[in-house]
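Open the model in your viewer and get ready to click along. We will go from stop to stop, selecting a few pieces each time.

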2 protein chains.
Amino acid sequence: MPQFMDVHRGMTGITPELLKQAHQADLDIQDTEGMNFKQAWADPSTGVVFCLSEGPSEEALRKVHERTGHPADEVYEVPVEV
Amino acid sequence: MPQFMDVHRGMTGITPELLKQAHQADLDIQDTEGMNFKQAWADPSTGVVFCLSEGPSEEALRKVHERTGHPADEVYEVPVEV
């Protein structure tokens with residue numbers, strides 16, 4: 001199953017509670033696209049959020065994030081990991 | 001201890017072995033700056049690498065990556081995680 005890191009920008013001031021809510025919204029519908037959102041990290045000062053997931057395709061990833069109201073600005077497939 | 005995600009660009013074609021070598025080079029000297037490099041993910045097609053670490057400061061992070069020959073293009077402190 002391909003693994004992805006996607007990047008969201010413009011989320012300046014994001015709090016732990018808001019990140020948790022956004023992540024939970026993805027988890028709630030991810031099965032419809034075969035996605036598995038695993039972890040996310042946020043920098044409230046620059047508004048950048050990194051999101052690690054597994055799933056069938058970039059398209060499936062983008063659909064979930066769009067339906068939950070936080071479309072990804074960049075999506076990278078990351079098959080190499082250490 | 002602050003947590004960071006840094007981004008490297010221009011590493012098109014990076015292989016698992018090359019990422020492992022680069023990561024090991026960081027691990028070998030990270031104690032000198034009090035850093036702890038935890039994980040890294042690479043997209044060989046776009047040449048983007050994401051690197052998760054903990055340490056005292058962005059400056060310490062940048063020093064390690066510079067000394068091992070792969071300076072970070074972007075560094076984000078990511079205190080919010082889910």
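Start by selecting A:Met5, A:Trp41, A:Phe50, B:Met5, B:Trp41 and B:Phe50: these have the most contacts inside the largest nonpolar core, a set of 16 residues. A nonpolar core here is a set of buried Ala, Val, Leu, Ile, Met, Phe, Trp, Tyr and Cys residues joined through side-chain atoms within 4.5 Å; buried means under 20% relative accessible area, with a 1.4 Å probe and protein chains only. Strand 1 (3-8) and strand 3 (48-54) of chain A, together with strand 1 (3-8) and strand 3 (48-54) of chain B, each supply at least two residues of this core. Strands are DSSP runs of E with at least two residues, and helices are runs of H or I with at least four, numbered from the N terminus.

A word on the model: it is predicted, so local features need pLDDT of at least 70 and side-chain atom pairs count only at pLDDT 80 or more, while totals for chains, interfaces and linings use all residues. Residues are numbered from 1 along each chain as its sequence is written, chains are lettered from A and ligands numbered from 1 in the order in which they are written, and side-chain values use heavy atoms, leaving out hydrogens and water.

Now click B:Phe50. Leaving aside neighbours within four places in sequence, B:Phe50 is in contact with residues of both chains, including A:Met5, A:Phe50, A:Tyr76, B:Met5 and B:Trp41. Contact means heavy atoms within 4.5 Å.

Next, colour strand 1 of chain A. Which residues cover its two faces? A:Gln3, A:Met5 and A:Val7 lie on one side and A:Phe4, A:Asp6 and A:His8 on the other, and all are buried. This strand pairs with strand 3 of chain A in the antiparallel sense over six bridges, where A:Asp6 has A:Cys51 as its bridge partner. Strand 1 of chain A also pairs with strand 4 (residues 74-77) of chain A, antiparallel over four bridges, and there A:Val7 stands opposite A:Glu74. Two strands pair if DSSP finds at least two bridges between them.

Five strands form an open, antiparallel sheet in the order 5(A)-2(B)-3(B)-1(B)-4(B). Strand 5 (80-81) of chain A and strand 4 (74-77) of chain B stand at the edges, each with a single partner strand, so one side of each is left without a neighbour in the sheet.

Last stop: show both chains together. Chain A can be laid on chain B with an RMSD of 0.0 Å by a turn of 180° and a shift of 0.0 Å along the axis, superposing by least squares on the C-alpha atoms of residues with pLDDT of at least 70 in both. The two copies are thus related as by a two-fold rotation axis.

Key. Buried means under 20% relative accessible area, exposed over 50%, partly exposed in between (1.4 Å probe, protein chains only).
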